[in-house]
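Please look through the sequence and the model below before reading on.

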Amino acid sequence: MLLYIIGIALSVPLIVHCIRTGRNTIWVFVLLSLPLIGSAVYFFVEVMPDLRNSRTSRRALRGIRSTLDPEANLRRAENEMKVSGTVASRQKYADELVSLGRAAEAVPIYQTCLTGVFAEDPKLMLGYAHARFAAGDAPGARQTLDELIQKNPDFKSPDGHLLYARALEAEGNNEKALTEFATLAGYYPGAEAGVRYATLLKRLGQRELAQQTLKGLLDRAKYAPAHYRKAQRDWLDEAHRELAG
């Protein structure tokens with residue numbers, strides 16, 4: 001009797017799944033007649049394949065693999081670089097190094113990429129600037145971005161602009177950094193620029209403007225799509241902390 005009750009409890013959500021997803025209704029008969037066995041069969045036949053193919057599941061599996069073996073992608077990128085030796089493969093390897101906190105190793109790799117026809121490639125120059133900044137070389141990152149702008153005046157990148165503002169702040173050029181952050185806060189697609197702007201304002205004693213910036217950011221987030229709030233959760237949480245602090 002207990003097993004039957006457990007089976008029914010398992011069957012109910014699966015019956016709902018079956019009806020909502022338009023599965024063959026014979027499954028409803030199976031789930032009611034043989035609740036325990038039917039639930040197990042239905043799950044492995046109908047639910048498991050969907051879980052394997054869903055974007056959320058794939059993302060979760062990637063996260064698990066990354067936790068268990070954080071350097072797996074790095075090894076793959078390194079092997080690809082050794083086999084092909086292309087600029088794209090070297091850039092990918094360098095980016096993996098940066099993501100693992102080994103930016104100092106990525107800097108010379110980027111330098112080997114920025115030669116010949118790729119010497120003024122804006123995406124490579126931006127990646128190089130990111131690597132230099134992550135390696136603790138804010139002046140070098142800002143210099144690289146200045147050269148990028150000079151050689152590619154039509155190139156636009158919100159992330160590059162954000163990096164430029166952060167490099168200025170790291171150099172201690174706070175007034176210019178404020179100007180760049182203020183511009184960024186008006187068009188940057190995420191919440192990071194606004195939070196960094198407010199944080200700098202607060203640090204420089206402009207607390208009222210910092211609070212206005214944070215309140216405006218959080219008010220806009222309330223009416224933003226759910227996927228935006230989910231993607232920006234960490235920065236929105238930081239905005240709440242800064243506003244309360």
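Predicted model: local features only at pLDDT ≥ 70, side-chain atom pairs only at ≥ 80, totals over all residues.

Residues are numbered from 1 along each chain as its sequence is written, and side-chain values use heavy atoms, with hydrogens and water left out.

H12 covers residues 192-203, and its axis lies 9 Å from that of H15 at an angle of about 25 degrees; such axes are lines fitted to C-alpha atoms, for helices over the stretch in contact, with angles running from 0 to 180 degrees between N-to-C directions. H12 is therefore roughly parallel to H15, since angles under 35 degrees count as roughly parallel, over 145 as roughly antiparallel, 65 to 115 as roughly perpendicular and the rest as oblique. On the H12 side the contact is made by Glu192, Val195, Arg196, Thr199 and Lys202, and on the H15 side by Trp235, Glu238, Ala239 and Glu242, where contact means heavy atoms within 4.5 Å. These residues divide into three nonpolar, one polar and five charged, if Ala, Val, Leu, Ile, Met, Phe, Trp, Tyr, Cys and Pro count as nonpolar, Asp, Glu, Lys and Arg as charged, and the others, Gly among them, as polar.

Is Glu242 buried or exposed? Glu242 counts as buried because its relative accessibility is 18%, and buried means under 20% relative accessible area, exposed over 50% and partly exposed in between (1.4 Å probe, protein chains only). Apart from its neighbours within four places in sequence, Glu242 is in contact with Thr199, Lys202 and Leu214.

The largest nonpolar core has 49 residues, of which Tyr93, Leu145, Phe181, Leu184 and Leu217 touch the most other members; a nonpolar core is a set of buried Ala, Val, Leu, Ile, Met, Phe, Trp, Tyr and Cys residues joined through side-chain atoms within 4.5 Å. Helix H8, residues 122-134, gives the most to this core, with seven residues. In soluble globular proteins, nonpolar side chains tend to be buried together. Leu217 touches Ala191, Gly194, Val195, Leu236 and Ala239, if residues up to four places away in sequence are not counted. A second, separate core has eight residues, including Leu14, Ile15, Cys18 and Leu31.

H8 also packs with helix H10, residues 158-171, their axes coming within 11 Å and crossing at roughly 30 degrees. The contact is made by Leu126, Ala129, His130 and Phe133 of H8, together with Asp159, Gly160, Leu163, Arg166, Ala167 and Ala170 of H10. By class, the contact of H8 with H10 has six nonpolar, two polar and two charged residues.

Taken as a whole, the protein chain comes to 15 helices and zero strands, counted as DSSP runs numbered from the N terminus (helices H or I, at least four residues; strands E, at least two). Of its 245 residues, 36% count as buried.
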